[in-house]
Amino acid sequence: MSSIGTGYDLSVTTFSPDGRVFQIEYAAKAVDNSGTVIGIKCKDGIVMGVEKLIASKMMLPGSNRRIHSVHRHSGMAVAGLAADGRQIVARAKSEATNYQSVYGEPIPVKELAERVASYVHLCTLYWWLRPFGCGIILGGYDRDGPQLYMVEPSGISYRYFGAAIGKGKQAAKTEIEKLKLSEMTCREGVFEVAKIIYKVHDEAKDKAFELEMSWVCDESKQQLRKVPDDLLEESKAAARTALEEMDAD
Amino acid sequence: MDLNMNVNAPHSMGTTIIGVTYNGGVVLGADSRTSTGMYVANRASDKITQLTDNVYVCRSGSAADSQIVSDYVRYFLHQHTIQVGQPATVKVAANLIRLLSYSNKNMLQTGLIVGGWDKYEGGKIYGIPLGGTLIEQPFAIGGSGSSYLYGFLDQAWKEGMTKDEAERLVVKAVSLAIARDGASGGVVRTVIINSEGVTRNFYPGDKLQLWHDELEPQNSLLDILNAPPSPEPMNI
């Protein structure tokens, strides 16, 4: 599966003979080892969900949030090295408030994604910095409507209808592709995201997990909010039922 | 007449400037007098300056200060447009002007009216008077001549005017101010900005409507003096 770039992988400022920068690819592997994070764009907003693998039973449920609000209208879900993620979120918040001060309006989501991607890319240019070991799913709702972006450790940023990163990303992407997102509301989307996360969670390899979801949609008045507790519980219950039905087959 | 006129005094635009929203866009208007003290340095100046394709600014106060601020903001907006990939909004232009005006309030003496059209908010007018407040208004007036227009516009401005009604209102207002304010004069320039684009119009001073004391006197004793001379006596 993995190709070893012996000799060409010691520094992020070295290309291999076949044109790859191995350090960036290794950074991406750090993301692949983390819990699944998915985001979908429904017709009236964005829903993001995180499979938080619980390291210890002593952790307080509802703490250690993985989805962060960047500005009133946008949020980021981070996968990979948590400390690196904290840095990127801090930078994104700073970019957003700076844009608001200079230009007098909330930062367009496209502009925010470009700035985050640019910052992540920056750290792949110097030998004395290491690349960020995290992937980011950025969802926001501005005057051009709801938008979803994904930023990889290489600094690439694309706009998506649906995106997944982390352990179960392949399985999650397959599930997302089956959904008819353009006809779905965010309420329905919450149930779908919960179902997908429960489905891709590997019972054998990983122990318990906690599902965390946030959305930004018309129902939340175009502001980034945690999915309301009652809706979250309903979706978890529906997801568990769906799993059992599948297992029963 | 004061023969000791200081023609090297700082150029100031006495000015009347006005910006008005209508149903579908904005109309900006201004006079054209630039004075250095009592001397009219330029009787046909253009006080309505372009910032972007869809946003213009009316300048009043110190000519130098308002030009420098406009130049900086035009430069910033140009970069912003490239970065964001679409035309700047009127609000962004107004905010940039405000940041410069407020940060340099001790050194600048210029009142500006930013007006334009963008696809999100439609036609908008923002007033940025001395000191650097930013205020969004359905119509805004500025300059020394504006003192004479507060009452007039309070009565005459209506919501949802057509383009022609709005332009007529602007021309009427500027010409009223020119009639009363010694520091305003010359021609009336207007700029109309809407979804279709920008239109510049020009109204020469002698084509403007006459007001009150400027009208020809009627039934005045002067008529006797101006009456045709009595017929020649007949020569028999």
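Predicted model: local features only at pLDDT ≥ 70, side-chain atom pairs only at ≥ 80, totals over all residues.

Reader: Where is A:Trp127 found, and what makes it exposed?

Author: A:Trp127 sits in the loop between helix H3 (109–122) and strand E5 (134–142) of chain A. Helices (H or I, at least four residues) and strands (E, at least two) are DSSP runs, numbered from the N terminus. Buried means under 20% relative accessible area, exposed over 50%, and partly exposed in between (1.4 Å probe, protein chains only). A:Trp127 has a relative accessible area of 66%, so it counts as exposed. Residues are numbered from 1 along each chain as its sequence is written, chains are lettered from A and ligands numbered from 1 in the order in which they are written, and side-chain values use heavy atoms, with hydrogens and water left out.

Reader: Which residues form a nonpolar patch with A:Trp127, and what makes a patch?

Author: The patch is A:Leu122, A:Leu125, A:Tyr126, A:Trp127 and A:Trp128, with about 590 Å² of accessible area together. Patches take residues with over 30% relative accessible area and no salt bridge; like charges are joined within 9 Å, nonpolar side chains (Val, Leu, Ile, Met, Phe, Trp, Tyr) within 5 Å. Areas come from the Shrake-Rupley method with a 1.4 Å probe, and for residues only the protein chains shown count as cover.

Reader: What makes A:Arg115 and A:Glu111 a salt bridge?

Author: The rule asks for a side-chain nitrogen of Lys or Arg within 4 Å of a carboxyl oxygen of Asp or Glu. Here the N to O distance is 3.2 Å, so the pair passes. Both residues lie in helix H3 of chain A, four residues apart, about one turn of the helix. An α-helix has 3.6 residues a turn, so residues three or four places apart point the same way. A:Arg115 and A:Glu111 are both buried.

Reader: Why are B:Asp71 and B:Arg74 called partly exposed?

Author: B:Asp71 is at 39% and B:Arg74 at 30%, so both values fall between the two cut-offs. Their side chains also meet in a salt bridge, at 3.1 Å from N to O. This pair belongs to helix H1 (residues 63–84) of chain B, three residues apart.

Reader: B:Glu136 forms a salt bridge with B:Lys124. Buried or partly exposed, what is each of them?

Author: They come out on two sides of the line: B:Glu136 has 42% relative accessibility and is partly exposed, whereas B:Lys124, at 17%, is buried. Their closest N and O atoms are 3.5 Å apart. The pair links distant parts of the chain, from strand E10 (residues 135–137) to strand E9 (residues 122–128) of chain B, twelve residues apart. Over all chains, the search finds 23 salt bridges. A network of them links A:Lys52, A:Arg65, A:Glu210 and A:Glu212.

Reader: How do you know what counts as the largest pocket, and what lines it?

Author: The pocket has a volume of about 510 Å³. Of its 24 lining residues, the closest to its centre are A:Lys52, A:Leu53, A:Ser63, A:Asn64 and A:Arg66. The search uses a 1 Å grid over the protein atoms alone: a cavity is a set of points where a 1.4 Å probe fits but cannot get out, while a pocket is an open set with protein on both sides within 12 Å along at least five of seven lines, and lining residues have an atom within 4 Å of a point. Grid points are joined across faces, edges and corners, and the volume is the space filled by probe spheres set on the points.

Reader: What is B:Gly143 in contact with?

Author: Contact means heavy atoms within 4.5 Å. Leaving aside neighbours within four places in sequence, B:Gly143 touches B:Gly14, B:Thr15, B:Ile17 and B:Ser60. With a relative accessible area of 26%, B:Gly143 is partly exposed.
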